[in-house]
Amino acid sequence: MEFSTNLLIFSGLALLMMAAAFAAVTTSRIMRAVTYLLFVLFGTAGLYFMLHYTFLGAVQIIVYAGGIVVLFIFAALLIGKGTIDVTHTSNRRYLAGLLASLSGMALALYLINSTDFFADKFSTVGVPMKSVGLALMGTAKHNYVLTFEVLSILLLACMVGAIMIARKK
Amino acid sequence: MDYTIFILALPLLSFLILGLCGMKMPHKTAGLIGTFSLGAVAVLSYITAALYFGAGRDADGLFATIIPYNICWLPLGETLSIEMGILLDPISVMMLIVISTVSLMVHIYSLGYMKGERGVQRYYAYLSLFTFSMLGLVVATNIFQMYVFWELVGVSSYLLIGFYYTKPAAIAASKKAFIVTRFADLFFLIGILLYGYYAETFSFTPAETVLMTAGGIIPVALGLMFIGGAGKSAMFPLHIWLPDAMEGPTPVSALIHAATMVVAGVYLVARMFPLFIDFAPDTLHMVAYVGAFTALYAAVVACVQTDIKRVLAFSTISQIAFMMVALGVCTSADPHEGGLGYMASMFHLFTHAMFKGLLFLGAGAIIHAVHSNEKSYMGGLRKYMPVTHATFLIACLAIAGIPPFSGFFSKDEILVACYDYSTMMGIFMSFVAALTAFYMFRLYYLIFWGKSYYEQQLALYKEGKSSHEPHKPHEAPATMTVPLVILATISVFAGFIPFGEFISSNGHAYTIHLNYAVAAVSIFLAIAGITLATIMYRKGTSSLTVSINRNLKGLIDAAYHRFYMDELWLFVTKRIIFNCISRPIAWFDRHIIDGTMDLMATLTQKLGTWVRPMQSGNVQSYSVWFLSGALILVLILIYFV
Amino acid sequence: MIVPAQFYLALAAILFFIGVFGFFTRRNLISLLISTELMLNTVDINFAVFNAYCHPEHLEGFFFTMFGIGVAAAETAVAIAIIINVFRNVKSIHIKNMKELKH
């Protein structure tokens with residue numbers, strides 16, 4: 001009974017995400033594209049919840065849905081409606097893009113289908129907050145304090161850079 | 001003998017000075033620079049000869065071979081190397097005298113002859129270059145050095161024949177000379193390489209044991225070398241370039257095409273003589289037969305030519321053939337036992353250089369006076385040009401073989417050598433000698449006797465039948481007559497030089513003694529030839545001449561056209577070689593080799609045109625390519641892993 | 001019964017190539033950026049799935065995803081700053097007008 005529920009939820013999410021993603025790359029209105037992207041991001045958070053990575057799901061919603069999408073919206077609004085009407089490229093390039101993407105997709109799906117690289121070790125316990133915190137701040141093996149610090153510096157640099165670039169002269 | 005280097009260095013220096021800054025100096029200065037450097041060379045050559053022969057013979061009764069310089073120029077392997085140096089032995093010292101004397105005379109003579117011509121500096125630069133090359137050729141210590149200078153001689157000859165480069169005939173003649181001799185030199189080079197490979201040295205004196213093992217290949221190599229020599233010495237059938245080479249200035253003809261360059265082939269055979277006699281006597285006799293045929297052929301052709309320089313050119317061919325015959329009839333290295341020809345050949349080379357140089361210079365003086373090469377413009381010149389007339393007569397007597405002029409002695413030795421070889425050869429060459437006397441005196445009478453073209457024209461002018469007054473022939477200036485007189489003096493007395501004391505086939509002294517039977521026959525034949533010429537041409541055209549002309553019309557026409565040898569060569573080259581060899585090669589070159597290159601170029605261009613739009617600067621299309629590449633890589637990985 | 005990992009991966013692949021398709025065909029800088037975000041997002045999903053199904057005892061994929069989200073945020077911030085600046089300079093964010101950097 002449980003597996004069918006999981007599968008049902010997954011199918012729902014998958015359908016939603018695919019539809020939203022497709023709409024995001026084909027719609028001609030920029031605000032709509034951003035909104036469809038938001039749906040995909042929410043769906044991704046749902047997938048993380050299904051994998052029992054609740055913290056990751058939370059981060060996804062806060063950073064992506066809350067931060068990035070807002071940035072997009074600001075950008076769209078700043079630039080103005082007149083200039084951001086989305087137009088597609090020429091037919092030829094459209095077809096080339098479609099063909100390349102479809103063949104890539106086929107290849108990827110074929111590979112995923114034909115390869116069996118999973119030992120079934122899936123645990124339904126999830127990751128407790130405490131271990132996430134310890135791993136993030138720890139210095140032992142499989143701990144990530146260095147990465148964390150590097151990322152902090154990167155974020156700082158990006159902030160400064162973004163301000164420098166976007167600032168009016 | 002260290003100073004001998006200056007014999008080579010001075011002409012080279014003079015060539016460099018005149019060639020590099022000749023245009024900045026007046027004609028006279030250029031001429032004097034060339035003449036004085038040549039004068040110094042001549043003096044040095046005489047000193048060398050005096051010291052060399054004055055040093056006397058060594059214990060074996062030979063003149064020592066001296067090599068003052070020998071620098072390894074190009075080491076080819078452990079044993080084989082090419083040297084550059086100076087070699088003094090009797091024949092090279094003799095050649096030094098011949099070349100420097102004739103060259104000096106020509107230099108002095110040219111001061112007068114070339115006066116007022118365009119590019120006198122260039123002319124003297126070329127003369128210096130030629131003299132340098134020729135001297136380098138004769139003092140070469142090995143066959144390869146000889147070949148290097150041999151080619152230099154060819155180049156300078158080409159430059160000098162084509163001196164009047166605005167004249168199409170001169171250009172054609174220079175090209176012809178260069179190509180024909182170059183063609184022959186190809187065989188020479190092959191011969192040298194064969195020789196170098198099997199004799200394991202390029203020097204003239206290889207180890208006997210090596211040659212013994214080399215065996216049958218040495219005659220072939222020597223034969224190939226002789227073909228090279230035949231090209232330079234204008235032996236039949238490679239003689240075709242020499243008559244055309246008369247398009248060059250006449251002093252050049254005297255220097256190059258009479259006295260020096262054309263005897264290079266004879267000198268080559270003489271140089272290789274010890275090898276010829278020991279290892280390739282049959283090849284040597286081939287030389288004799290080629291020479292004999294050439295002598296006859298050229299003498300017959302010379303009898304009917306109308307251009308006086310052409311007559312002299314064919315005479316030169318014939319006389320050089322005499323020298324070749326003399327070398328070819330040698331059967332041993334001992335002058336008492338069938339080796340006389342070697343000495344006779346060198347002797348004739350020496351005397352011939354003097355009197356043939358004199359003949360050409362005299363012809364130059366005549367051409368200078370009447371402004372034409374054709375005999376019809378001459379006649380009766382003896383009154384107007386006494387000095388030229390006298391010297392020309394001396395030269396004619398010398399070449400005809402009348403005693404006591406030099407040609408008699410040397411030619412007599414050759415004939416003796418021929419009779420020693422076989423009576424047939426002796427009779428044959430005696431006949432050619434008689435022909436020589438005939439055609440030389442025909443020439444002499446046509447120029448200096450008979451009706452004067454000038455007087456005929458003057459008469460016509462006075463009667464009012466000709467609109468312009470003819471140009472009166474005049475004697476040449478002193479710069480031209482002095483060399484004539486000097487050469488004439490040498491031509492008179494050179495026969496009394498005891499030549500055998502200095503040069504003989506085995507190096508030992510040999511006393512020349514006249515063979516009275518042979519001498520009597522040759523004098524008789526010479527006088528017969530002269531008499532015939534006198535009867536036929538003394539008074540212009542006689543009845544005998546007319547009847548001979550009528551009866552032998554076919555022969556005379558053929559001889560006038562040189563027996564159609566040029567046409568035959570043209571047929572062979574144009575029809576056969578061009579069509580059968582050159583055209584296919586040209587086709588191959590144009591279509592296969594060029595075609596491949598063109599194809600590569602076109603492909604590159606096509607590929608470029610096709611690839612260029614990819615560099616659009618559009619990131620999106622780049623990313624499409626990127627994705628395609630990545631996909632293809634993945635496919636390859638799937639397929640192979 | 002759990003959902004097979006292949007399902008997740010297949011979904012991620014489909015989404016990724018939808019992003020690729022968008023990246024190839026859109027002519028607007030913001031749209032391009034949206035496509036990029038889509039692709040980044042699917043990569044994050046893959047990390048999480050591999051971690052959950054292959055090595056649940058460690059958290060490498062988990063943290064990679066987390067840092068990936070962080071980097072994506074930074075990248076987006078900078079990219080949008082650039083876009084705004086470009087717009088100020090050329091009054092357009094249409095890709096055919098982006099020629100200043102070509103040469």
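The model is predicted.

Start with chain B. It has 26 helices and two strands. Of its 641 residues, 50% are buried. Now take the contacts in chain B with a separation of 6 or more. Residues 24 or more positions apart account for 79% of them.

Next, look at where chains meet. Chain C brings 62 residues into contact with 73 residues of chain A. On the chain C side, the elements that give two or more residues are α1 (5–25), α2 (29–54) and α3 (60–90). α3(C) gives the most, with 21 residues. This side of chain C divides into 46 nonpolar, 13 polar and three charged residues.

Chain A also touches chain B. Six residues from chain A and five residues from chain B take part. The chain A side holds three nonpolar residues, three polar and no charged.

Now zoom in on the backbone of chain B. F236(B) and P237(B) are joined by a cis peptide bond, with omega about 0°. P237(B) sits in the loop between α8 (217–232) and α9 (241–244) of chain B. Another cis peptide bond links P403(B) to P404(B), with omega about 5°. The loop between α16 (386–400) and α17 (406–421) of chain B holds P404(B).

Finally, check two positive phi values. H52(A) is not a glycine, yet its phi is near 65°. H52(A) lies between α2 (30–50) and α3 (54–79) of chain A, in the loop. H52(A) is partly exposed, because 17 other C-beta atoms lie within 10 Å, and a buried residue needs 20 or more. E200(B), also not a glycine, has a phi of about 60°. Its loop runs between α6 (168–199) and α7 (208–214) of chain B.

How values were computed: Residues are numbered from 1 along each chain as its sequence is written. Chains are lettered from A and ligands numbered from 1 in the order in which they are written. This is a predicted model: local features need pLDDT of at least 70, side-chain atom pairs count only at pLDDT 80 or more; totals for chains, interfaces and linings use all residues. Two residues are in contact if their C-beta atoms, placed from the backbone, lie within 7 Å. Ala, Val, Leu, Ile, Met, Phe, Trp, Tyr, Cys and Pro count as nonpolar, Asp, Glu, Lys and Arg as charged, and the others, Gly among them, as polar. Helices (H or I, at least four residues) and strands (E, at least two) are DSSP runs, numbered from the N terminus. A residue is buried if 20 or more other C-beta atoms lie within 10 Å of its own, exposed if 12 or fewer, and partly exposed in between; C-beta atoms are placed from the backbone.
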